[in-house]
Amino acid sequence: MKNYIKRKAILLYDCLNFQIITWILCTLFVLFYTSTHAQTKTGYATRITETVKIDGSLNEKAWKDAFIFNGFKQYDPYHGAPVKFDTEVKILYDDFALYIGALMYDTHTDSLLLQLGNRDSDLNADAFGFKLDTYGKQNDAFVFEVSASGVQKDYRERDLNFNAVWESQVGFDTTGWIAEIRIPWSALRFPDTEKQVWRIQLYRNLRRVREWTQWALEDKDASNKLAQWGELHGIEKVNPPLRLSLSPYFTAHAEHYPFNVEGESNLSENINGGVDLKLGLGEAYTLDVTLLPDFSQVQSDNQIKNLSAFETVYDENRPFFQESVDLFNKGGLFYTRRIGRIPMNYYNLNNDLGSNEYIVHNPYQAKLLNAVKFSGRDKNGLAIGIFNAVTDNTYAIVADSITKTDRKVLTEPLTNYNIIVADKAFKNSSSVYLINTSVIRRNAFDNASVSGGGVNLLNNKNTYSINLSGSHSRIYNTDWTIKNSGNTYYINAGKVKGKFLFNVYQNLIDNTYNKNDLGLLQVNSIVYNGININYNIYKPFSTFLYLKTRLSYKNDFHYLTHKTTNDYLELFANTTLNNYLSIWSAFYAGISPHYDYYEPRTAGRYYILPPYEGCYLNFSSDYRKTLAIDGGFDLSRIRQQESLSRVFYLMPILRFNDHLSANFYAAYNLTSNNRGYVGTDDSLNVYFGKRKLQTFENTLAGLYIIKNDLSLSLRVRHYWIMGEYDKFFLLAEDGNLSDALNYNAPHDFNFNSFNIDMVFNWQFAPGSNLSLIWKNALMDENTVIVNNYYDNLSKTLSNPQLNMLTLKLLYYLDYQTLKSRRNIFQNK
């Protein structure tokens, strides 16, 4: 007991002092290390006074007098080799925008690949792009790209969901193809200084020969490629403009479900409106606000039957929670799906029902009232972020079949979610951060907060790194006394540049740490330990374009008992062949028995899982072909239990022409003799079952691009899993299983989820969209196993279905654009 108290005291002391230590380490690092780089390429932008028309022709005189960026070299497939065709780029600017003109020479313009697609899509098409590190801190950059088919793509190095409103046009002549681009200053953030010096990278994708070329050639083994970019000079006396945009939106929504209950309509309709606002505060920071948001247009979640002890994790498809959230993810304390989540008492509502009551309405999501993001990074490398969101009270409605009255039951209280974070970037890509999250609820529900910090240090050549982080969680009673608190820390050190790489790490999570009010934590009371050793060959050899290998070993143990929870070894390899067939594969094994404290779902109990081994292989063929195929398998077994798992998937991708494409994902998982938790009785006896699990998942997706701003997409998904039990066990105190002779409860299941998403989208003006969305959804679960796929599908589709139809109109208003139009009108 004394040792336990001592260990807890030491851990708490270490975590409370962790943030001070990280600041000291980072300061020492910055004082003693300076950055050294190879010779940097330099290019120049030219100020203009004449008007440039974005038409893909580069006919204006200003283009002829501008500095030429050329001398591109291959990055892929033959690093450093001469390019097949030259590329020339010119950059202009005025008081309103940055202009880029690129000429991609090509003697066979009739062979250009020109697939159409939605904005930000990865296409089978030639492309030109450029990257701008406007603060020169080598840790983030704006990226803009346009395909030869005219499709725009943009992101930030640290935020793949960044979107801006900008102009581009492509053109063609006998020498090749042209990309002409206009980026308004309001789409960028840059220092308020008289002379700008930015880091810049230019690149081109010659798709038909898979040649990727760069102006400032990056090393393939570089841990921070931004450090090897060139410099852009010549931009002077440009004042950061007022960045203000408004996007009001309107939605009309109709929903039909056959309740067929007296007094309740099968059809419901509503009309909503709201607004998104972006406001630049100073040169670097931006305020994003969404009021009364509507996310009915986002893709449906991939529903599954979860047999594990852990929470189902869903992707984030809501645009507001995708863009500009990288800063708030520091320390891994933010899981965006907590906001507007399934109400905490959604599944407990039956426990609140009276003897004659039934559920009339039980909302599946808490309603989001508003959300605000304030974020940015200044010229000194200091990033500050403030996030706040409010969800409304969520009520279910239950009715009494005798009295014919109904009442409301609170399933989720009014809740405020908040994050405050500061991140300081230093030379050599080093950084340090502090973060605090909080969740405050009304109506006698618990509150929570988590405080954390971390530091990432690299040496002057970006060859070695060390990463340290930690956080302290607190859950409060309604009177703000501490109900529970816990700590975690993470340390990772290794070599991050070169052919030979390695890292070692440890992540300790004590038994009372809990960040789940706003973050995601599947398990606590665990210590993760591991080492990874990598050897990579970046240059082509024999039939390989590259080869990457990794040997990994993990040894994890329970925080309190120190019993092994994982003893894992993996050998991994990844390569692409000369025919552009990519393959990645691994052999893995749990090399000794380990203790599973989570599957029993009962505090203090564990299940001893025997050793296991397995392998997987995945492949992806050349996407330039009309028909490409992805696929793979994963085979694993627990020899002692004669348990075997077999997973197979195949996804053909068919491009009918540049307008129409489709893919079909089919997966099958068969696990025999699987042991898993089935229940706990009143005496706290824990029961497991031996079962056969079969899972089928089929997804058909199609996309028709009428033109670049007009598209129709369809996605149909069917998920089917069935489980058949043939034996039950009692979990003994020593973690082993013994036959449960008197237990024979029914646990067989047949679960289906079926969804259709059809979206018509028209971008009728820059940043403005009109969308029509139809969704169809149903779920069905029972204890009758249907072994025939088509009989099961037919039975599933005969169930009541939810149909939703939504019309959404969003219009983008930009202050600078409106101001420019007003000036033009007044000058006429």
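# Strands, burial and cores in a predicted model

Visitor: Which residue of β4 does Thr 46 face?

Guide: Thr 46 stands opposite Leu 92 in β4. The model is predicted, with local features requiring pLDDT of at least 70 and side-chain atom pairs counting only at pLDDT 80 or more, while totals for chains, interfaces and linings use all residues. Residues are numbered from 1 along each chain as its sequence is written, and side-chain values use heavy atoms, without hydrogens or water.

Visitor: Why are β2 and β9 said to stand at the edges?

Guide: The open sheet has five strands in the order β2-β4-β5-β10-β9, with mixed pairing. β2 (46-47) and β9 (167-173) each have a single partner strand, so one side of each lacks a neighbour in the sheet.

Visitor: Why does Asn 534 count as buried?

Guide: Buried means under 20% relative accessible area, exposed over 50%, and partly exposed in between (1.4 Å probe, protein chains only). Asn 534 has 18% relative accessibility and therefore counts as buried. Asn 534 lies in strand β28 (residues 526-537). Leaving aside residues up to four places away in sequence, Asn 534 touches Lys 499, Phe 500, Leu 501, Thr 549 and Arg 550, where contact means heavy atoms within 4.5 Å.

Visitor: Which residues touch the most other members of the largest nonpolar core?

Guide: A nonpolar core is a set of buried Ala, Val, Leu, Ile, Met, Phe, Trp, Tyr and Cys residues joined through side-chain atoms within 4.5 Å. In the largest, of 39 residues, they are Leu 98, Phe 128 and Ile 183. Two or more residues each come from β4, β5 (97-105), β6 (127-133), β7 (142-147), β10 (176-184) and β11 (198-206). A second, separate core has 31 residues, including Val 439, Ile 509, Leu 521 and Tyr 597.

Visitor: Why is the protein chain described as compact?

Guide: The protein chain has five helices and 44 strands. Its radius of gyration is 29 Å, close to the 28 Å that the globule rule gives for 828 residues, so the protein chain is as compact as a globular protein of that length. The radius is taken over C-alpha atoms, and the rule is 2.2 Å times the number of residues to the power 0.38.

Definitions and conventions
Helices (H or I, at least four residues) and strands (E, at least two) are DSSP runs, numbered from the N terminus. Two strands pair if DSSP finds at least two bridges between them.
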